[in-house]
Amino acid sequence: MNVLLTGASGFIGSHLVRALRAAEYIVIEARRDVDDGTASVRADFTRDLSVRDWLPKLAGIDAVINAVGIVREHGVQTFESIHKRAPQALFTACVAAGVKRVVQISALGADRGMTRYFLSKRAADDYLATLPLEWTIVRPALVFGPGGASARMLMKLARLPLVPLPGRGEQRVQPLHIDDLTEALAHLLADASTHRSRVELVGPQTFTLRELLAGARAAKRLSPPRFLPLPMSLVRAAARSTISPLDNETLALLEAGTRGDPATIRHLLGRPPRPVGSVNGG
């Protein structure tokens, strides 16, 4: 099966390339910067906003996985273009090109969140669900692993002499290891039981933010953390500035919580997902 993978150079995408090839899929990487040494096509979600932009990239493609996503907007990289307009054009082009299978990597909480991040993700999800395709919308929890932005952000907080906590740090998440996510996606691609469904993928354990930060310090053999609980009004004000590692969207993701039932990923993996005891990328 020939699979076009968008976001192939990103955190999830780069790991997913390896998982798909290990499962013997032929992967064509859609990237902004094309490397002549790889099977790739040029794609730019800030510019490829029409069906005609995508049709030439879909020749000979059997399935598409969209792994493009941003947490923060920067310049022309907006939620509107990256999460909504470009994916909608891509999905419409899949119908026109005869691509039968589309997997959209969304975010856990996109169906209930009201931030611009969640709303843009949900707009693409809902649009895909209207199309005559074998679609699956995958909503993963907070993903950890080597190179992950979530792990870097939490480690940045955990290393501080006084570790700031939004409120009391009781926000709860169910982190998922990147290798489990990509292995599950490789299995899901050929799993007919997931066609035309929205799938939540989560890890096996629920942690509070306080527990994650303490675990991050322990993993780096640092002293136990000295926590500094901050009023949520102050945290939200800081998130609107450039002084905090948490911006409005990241804070909203954290407050929304990322919890679910690990039964789905157990089914796809044929085993329990691995526990993520720390945020050190392990």
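Reader: Okay, what does the accessible surface of the chain come to, and what share belongs to carbon and sulfur atoms?
Author: The accessible surface is about 12700 Å², and carbon and sulfur atoms account for 53% of that. Keep in mind that this is a predicted model.

Reader: Got it. How many helices and strands are there in the chain?
Author: You'll find 10 helices and 13 strands.

Reader: And how far does the thing span along its principal axes?
Author: The C-alpha trace spans about 55 × 40 × 35 Å.

Reader: What radius of gyration does the chain have, next to a compact globule?
Author: The chain has 19 Å, and a compact globule with 282 residues would be near 19 Å, so the two agree.

Reader: What percentage of the residues are buried?
Author: Buried residues make up 53% of the 282 in the chain.

Reader: What about contacts, how many join residues at least 24 apart?
Author: If you take contacts between residues at least 6 apart in sequence, 76% of them join residues at least 24 apart.

Reader: New topic: charges. How many positive and negative side chains are there?
Author: There are 36 positive and 26 negative ones, and the centres of the two sets lie 7 Å apart.

Reader: Now rings! How many aromatic pairs does the count come to?
Author: Three aromatic pairs. One of them is Phe79 with Tyr117: the ring centres are 5.9 Å apart and the planes sit at 85 degrees, so that pair is edge-to-face, since over 60 degrees counts as such.

Reader: Which helices do those two lie in?
Author: Phe79 lies in helix H3, residues 79-97, while Tyr117 lies in helix H4, residues 116-128, so their pairing ties together parts that are 38 residues apart in sequence.

Reader: Are they buried or exposed?
Author: Phe79 counts as buried at 2% relative accessibility, and Tyr117 counts as buried at 8%.

Reader: What about Tyr117 and Phe118, how are their rings placed?
Author: Their centres are 5.5 Å apart with the planes at 70 degrees, so this pair is edge-to-face. Phe118 has 1% relative accessibility, so Phe118 counts as buried.

Reader: Which residues form the aromatic cluster, then?
Author: Phe79, Tyr117 and Phe118 form one cluster.

Technical notes: Residues are numbered from 1 along each chain as its sequence is written. This is a predicted model: local features need pLDDT of at least 70, side-chain atom pairs count only at pLDDT 80 or more; totals for chains, interfaces and linings use all residues. Side-chain values use heavy atoms; hydrogens and water are left out. Helices (H or I, at least four residues) and strands (E, at least two) are DSSP runs, numbered from the N terminus. The radius of gyration is taken over C-alpha atoms; the globule rule is 2.2 Å times the number of residues to the power 0.38. Buried means under 20% relative accessible area, exposed over 50%, partly exposed in between (1.4 Å probe, protein chains only). Contact means heavy atoms within 4.5 Å. Accessible areas come from the Shrake-Rupley method with a 1.4 Å probe; for residues, only the protein chains shown count as cover. Lys and Arg count as positive and Asp and Glu as negative; His and the chain ends are not counted. The place of a charge is taken as NZ of Lys, CZ of Arg, CG of Asp or CD of Glu. Rings of Phe, Tyr and Trp (its six-membered ring) pair if their centres lie within 6.5 Å; planes under 30 degrees apart count as stacked, over 60 as edge-to-face and the rest as tilted.
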